[in-house]
Amino acid sequence: MSKIAKAFENKKAFIPFLTVGDPNGDKTVEFVLEMERAGADLVELGIPFSDPTAEGVVIQNANIRALSGGMKLSGVFEVVRKIREKTQIPLVFLTYLNPVFHYGYEAFFAKCRELGVDGMICPDLPYEERDEVADIAKKYDVDLIALIAPTSEERIQMIAKEASGYIYIVSSMGVTGVRSKITTDLGKIVSAIRQVTDVPCAIGFGISTPQQAKEMAEIADGAIVGSAIVKIIAQYGEKAAPHVYEYVKLMKEAL
């Protein structure tokens, strides 16, 4: 059983996100360890990018802070190496395709396997173009995490059939960011997915409160939270670790 599968085994998974290098690499390592201690089941690591088109202002600013601090892809890999010296918690990269393309697909996924990165989410890789990287990712045991949005409609089952690891269900239209209310009929999306695959589904985009996390986990197999955590890191900087811990603990307990 893969580490991702174990993250969902017999429980609802809480999946936090943070941007690598915000505020620096060593703090990213510390934050991930605190997230695990607080009950996180899997962590998504954002690779800083200059044009993160799916992100709202909170995560855009985290990318700017990380890049301004000198974080590059080589540095991201070094952060993962340090994390792996301390824990085997499942790790999934969230990255745009450009950094992967420039590093070289073969070299990138080989590095992922070497360091124990379990999956990759790529917001700007359409389903119809996934074959550009899918076989290489599979060759190196990296799950290519499918994104299913409210606009996917008739494509939902087509995307879900090819999914591995887990399916990232986008809760709302637009970019990432905290939302006071989520109105999408997520139950209908999960039901359509369940007709074609047993791959776990986790819901992200806009989730920030324990009540929202609980509601999402009742519909799906887990909840993903990014912007709310990145906001805590932006507020407290290098002193954010205890605040990240308390937030993740609260959210995990809600599930």
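Ala, Val, Leu, Ile, Met, Phe, Trp, Tyr, Cys and Pro count here as nonpolar, Asp, Glu, Lys and Arg as charged, and the others, Gly among them, as polar. By that scheme, the lining of the largest cavity has six nonpolar, three polar and one charged residues. This is a predicted model, so to speak for local features a residue needs pLDDT of at least 70, side-chain atom pairs count only at pLDDT 80 or more, and totals for chains, interfaces and linings use all residues. Residues are numbered from 1 along each chain as its sequence is written, and side-chain values use heavy atoms, with hydrogens and water left out.

**The barrel**

- Eight strands close into a barrel in the order β1-β2-β3-β4-β5-β6-β7-β8, with parallel pairing; from one strand to the next, the twist averages 25°.
- Helices (H or I, at least four residues) and strands (E, at least two) are DSSP runs numbered from the N terminus, and two strands pair if DSSP finds at least two bridges between them.
- Strand β7 (residues 201-204) and strand β8 (residues 222-225) run parallel and are joined by two bridges; Ile203 has Ala223 as its bridge partner in β8.

**Around β3**

- β3 pairs with β2 through four bridges, in parallel, and Gly46 has Leu94 as its bridge partner there.
- β3 also pairs in the parallel sense with strand β4 (residues 119-121), over three bridges, and in β4 the partner of Leu94 is Ile121.
- In a regular strand the side chains alternate between the two faces of the sheet.
- In β3, Leu91 and Phe93 point one way and Val92 and Leu94 the other, and all are buried; buried means under 20% relative accessible area, exposed over 50%, and partly exposed in between (1.4 Å probe, protein chains only).

- Glu44 sits in strand β2 (residues 43-46) and counts as buried because its relative accessibility is 1%.
- Beyond residues up to four places away in sequence, the contacts of Glu44 include Ile15, Phe17, Val92, Leu94, Tyr166 and Ile224.
- Ile169 belongs to strand β6 (residues 167-170) and is buried, at 0% relative accessibility.
- Leaving aside neighbours within four places in sequence, Ile169 is in contact with residues including Ile148, Leu186, Val190 and Ile203.
- Ile169 and Val190 are 21 residues apart in sequence, with their C-alpha atoms 8.4 Å apart in space.

**Cavity and pocket**

- On a 1 Å grid over the protein atoms alone, a cavity is a set of points where a 1.4 Å probe fits but cannot get out, and a pocket is an open set with protein on both sides within 12 Å along at least five of seven lines; lining residues have an atom within 4 Å of a point.
- Grid points are joined across faces, edges and corners, and a volume is the space filled by probe spheres set on the points.
- There is one cavity of 30 Å³ or more, and the largest cavity has a volume of about 50 Å³.
- Among the residues lining the largest cavity are Phe17, Gly46, Glu55, Asn63, Leu94 and Tyr96.
- The second largest pocket has a volume of about 180 Å³, and its lining has four nonpolar, one polar and six charged residues.
- α7 (131-139) and β5 (143-148) each supply at least two residues of that lining, and α7 gives the most, with four.

- Most residues other than glycine have a negative phi, and most peptide bonds are trans.
- Asp141, in the loop between α7 and β5, has a positive phi of about 60° although it is not a glycine; Asp141 is exposed, with a relative accessible area of 56%.
- Asn10 has a phi near 60°, lies in the loop between α1 (3-8) and β1, and is exposed at 79% relative accessible area.
- The peptide bond from Asp22 to Pro23 is cis, with omega near 5°, and Pro23 is in the loop between β1 and α2 (25-38).

Key
Contact = heavy atoms within 4.5 Å. Axes fitted to C-alpha atoms, helices over the stretch in contact; angles between N-to-C directions.
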